[in-house]
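Please consider the sequence and the structure shown here together.

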Amino acid sequence: MDQTRAVTKAVADFAAEYLPDRRVCVALSGGPDSLALTAGAVAAGLAVHALVVDHQLQPGSSQTACAAAQYARDLGASAEVLTVTVDGAGGLEAAARDARYGALEAARGDRSVLIGHTVDDQAETVLLGLARGSGPRSIAGMARWRAPWGRPLLGVTRATTHAACQQWGLTPHRDPHNDNPRFTRVRVRREVLPVLDDVLSGGVVAALARTADVLRDDVDLLEQLAAQAYSDSVVDGVLCAETVAAQHPSLRRRVLHRWLTDVGATEPTARVVDAADALVMRWRGQGPVAIGGNETHRLVVVRRAGMLTTDRIGR
């Protein structure tokens, strides 16, 4: 089977639906998914500029990034390497993601950015969201299109991108982080999903991705309503308990989740949102709610004079 055709068609169909401008950037890591995406985008007739982010997390990362950029040029794209420093909060994965997207945003100009996430990545995202108990937004997974970010390969399997690279004669870079079991996503990919597939007789990846598709439209509508509720409830980073208490529970929890994220919470779980909700709906003078921090301080939410705000408490 010609897997290159499958990748090219996925990109062409995506471009026809979402991209009136044929000029695009592709986030290229050098791995099989982003490399196949770059080749497919060129084959689909897009004017591709590859953005290769060097996170400087591994020895020889600059050479790997330069090699990926050269691959893109050999395919008929233009390319540049973006060097970043990964030093944000929330763990290595989150800090690297923030640094990467910041660099892509700064470099893209007025072009959309295509990202090589596959249906397997979508399934992992949904499963991790379920495990965190962080609500429908996590279970809805990654959007196929949310300007300027596009994911043309969300209906394509990882096996297809690997095979397409082989058929195109491309040798992808193998990122050792993708094999390191200290990363939760790696263990989900290598251990959890295969077990689920075995126990449930197959089809788990596709089923999880379908779950995301079913939920996304509903979640988008709720998010629009919650955005208005947020603007009514939050002023200068401080949340008015009385205003947010008047909202429907579904909207109230979304307002709290967004506010917690905005004030520095580390990926607020359902437990953290519930504790913040108790400060709003079941206020009895209880103490602060821990939402994050680092080695020097804890970040907590407190209620004062009917308002929710944050404090830093030294360790």
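## Domain organisation

The domain assignment divides the protein chain into domain 1, covering 3–210, and domain 2, covering 233–314. Taken over C-alpha atoms, the centres of domain 1 and domain 2 are separated by 33 Å.

Contact between domain 1 and domain 2 involves six residues of domain 1 and six residues of domain 2. The area buried between the two domains is about 430 Å², and carbon and sulfur atoms give 47% of that area.

## The annotated span 239–306

An unreviewed UniProt entry lists residues 239–306 under "domain: tRNA(Ile)-lysidine synthase substrate-binding". In the predicted model, this span is 46% helix and 22% strand. The C-alpha atoms at the ends of residues 239–306 lie 9 Å apart.

Helix 11 is formed by residues 249–262. Helix 11 has 14 residues and reaches 20 Å from its first C-alpha to its last, which is close to the 20 Å expected at 1.5 Å a residue. The buried residues of helix 11 are L251, R252, R254, V255, L256, W259 and L260. An α-helix has 3.6 residues a turn, so residues three or four places apart point the same way. After helix 11 comes G264, with a positive phi near 110 degrees.

## The annotated binding site

In the unreviewed UniProt entry, the feature "binding site" is placed at S29, G30, G31, P32, D33 and S34.

G31 is in the loop between strand 1 (23–27) and helix 2 (32–43). G31 counts as buried because its relative accessibility is 10%, below the 20% cut-off. Not counting residues up to four places away in sequence, G31 touches P172 and H173.

S34, by contrast in placement, belongs to helix 2. S34 is buried as well, because its relative accessibility is 7%. With neighbours within four places in sequence left aside, the record of contacts for S34 includes V26, A27 and L28.

## The end of helix 4

A107 lies in helix 4, which covers residues 92–107. With a relative accessible area of 18%, A107 is buried. Leaving aside neighbours within four places in sequence, A107 is in contact with L51, E80 and L82.

## Cysteines

How many disulfides does a search of the whole structure find? The search finds zero. A disulfide is a covalent bond between the sulfur atoms of two cysteines. The cysteine sulfur closest to that of C66 is in C25, and the separation is 18 Å. C66 and C25 are therefore too far apart for a bond, given that a pair of sulfur atoms must lie within 2.5 Å to count as a disulfide.

Is C66 buried, partly exposed or exposed? C66 counts as partly exposed, because its relative accessibility is 45%. C240 has a relative accessibility of 17% and therefore counts as buried.

## Backbone geometry

The peptide bond from A147 to P148 is cis, and its omega is near 5 degrees. P148 is in the loop between strand 5 (145–146) and strand 6 (149–150).

Positive phi values also occur at S201 and D236. S201, which is not a glycine, has a phi of about 65 degrees and is placed in the loop between helix 8 (184–199) and helix 9 (204–233). S201 counts as exposed because its relative accessibility is 68%. D236 is likewise a residue other than glycine, with a phi near 55 degrees. The loop that holds D236 runs between strand 7 (234–235) and strand 8 (238–240). At 76% relative accessibility, D236 counts as exposed.

Conventions. Residues are numbered from 1 along each chain as its sequence is written. This is a predicted model: local features need pLDDT of at least 70, side-chain atom pairs count only at pLDDT 80 or more; totals for chains, interfaces and linings use all residues. Side-chain values use heavy atoms; hydrogens and water are left out. UniProt positions are given in the numbering used here, feature names are shortened, and annotations may be inferred rather than shown by experiment. Helices (H or I, at least four residues) and strands (E, at least two) are DSSP runs, numbered from the N terminus. The expected span of a helix is 1.5 Å times one less than its number of residues. Buried means under 20% relative accessible area, exposed over 50%, partly exposed in between (1.4 Å probe, protein chains only). Domain bounds come from an automatic or database domain assignment. Contact means heavy atoms within 4.5 Å. Buried area is the accessible area (1.4 Å probe) that two parts lose on being put together, summed over both.
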